[in-house]
Amino acid sequence: MEGLRRGLSRWKRYHIQVHLADEALLLPLTVRPRDTLSDLRAQLVGQGVSSWKRTFYYNARRLDDHQTVRDVRLQDGSVLLLVSDPRWPGEGTAGRPGSGALSGVPGEG
């Protein structure tokens with residue numbers, strides 16, 4: 001019975017929504033239990049929405065891109081919040097072009 005249940009989950013689809021707080025938009029998405037948050041980001045890009053530098057939240061929990069729909073326990077009708085990540089503007093510049101240590105300019109870094 002468990003094998004049948006696992007086999008059926010491959011065909012299961014959830015209709016969820018993503019609330020883009022910055023633009024006050026609510027976008028519908030169709031997802032599968034094995035889809036990761038990265039897959040959801042790809043769907044949003046396909047709809048013309050950049051999810052770069054934004055973070056998903058569900059039930060007041062920050063979600064990571066490697067987590068699946070099943071991991072975060074999304075259900076049919078769930079709403080994810082996608083907000084700008086406050087960590088991006090304040091991050092250091094290490095590893096970015098022209099940041100000194102990796103810029104290749106003698107005397108910097």
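**Talking through a predicted fold**

Trainee: How many helices and strands does the secondary structure of the chain come to?
Mentor: Happy to start there, and bear in mind that this is a predicted model. The secondary structure of the chain comes to 3 helices and 5 strands.

Trainee: Is Ala24 buried or exposed?
Mentor: Most residues other than glycine have a negative phi. Exposed means over 50% relative accessible area. Ala24 has 61% relative accessibility, so it counts as exposed.

Trainee: What is the phi of Lys53 near?
Mentor: Lys53 sits in the loop between α2 and β3. At 41% relative accessibility, Lys53 counts as partly exposed. Its phi is positive although Lys53 is a residue other than glycine, with a value near 65°.

Trainee: What share of the contacts with a separation of 6 or more comes from residues 24 or more positions apart?
Mentor: Let's look at the whole chain for that one. Of its 109 residues, 30% are buried, and the chain exposes about 7400 Å², with carbon and sulfur atoms supplying 53% of that area. For contacts with a separation of 6 or more, the share from residues 24 or more positions apart is 54%.

Note on methods. Residues numbered from 1 in each chain as written. Predicted model: local features only at pLDDT ≥ 70, side-chain atom pairs only at ≥ 80, totals over all residues. Heavy atoms only, no water. Helix = DSSP H or I, 4+ residues; strand = E, 2+ residues; numbered from the N terminus. Buried < 20%, exposed > 50% of the residue type's maximum accessible area, 1.4 Å probe, protein only. Contact = heavy atoms within 4.5 Å. Areas by Shrake-Rupley, 256 points an atom, 1.4 Å probe, with all protein chains shown as cover.
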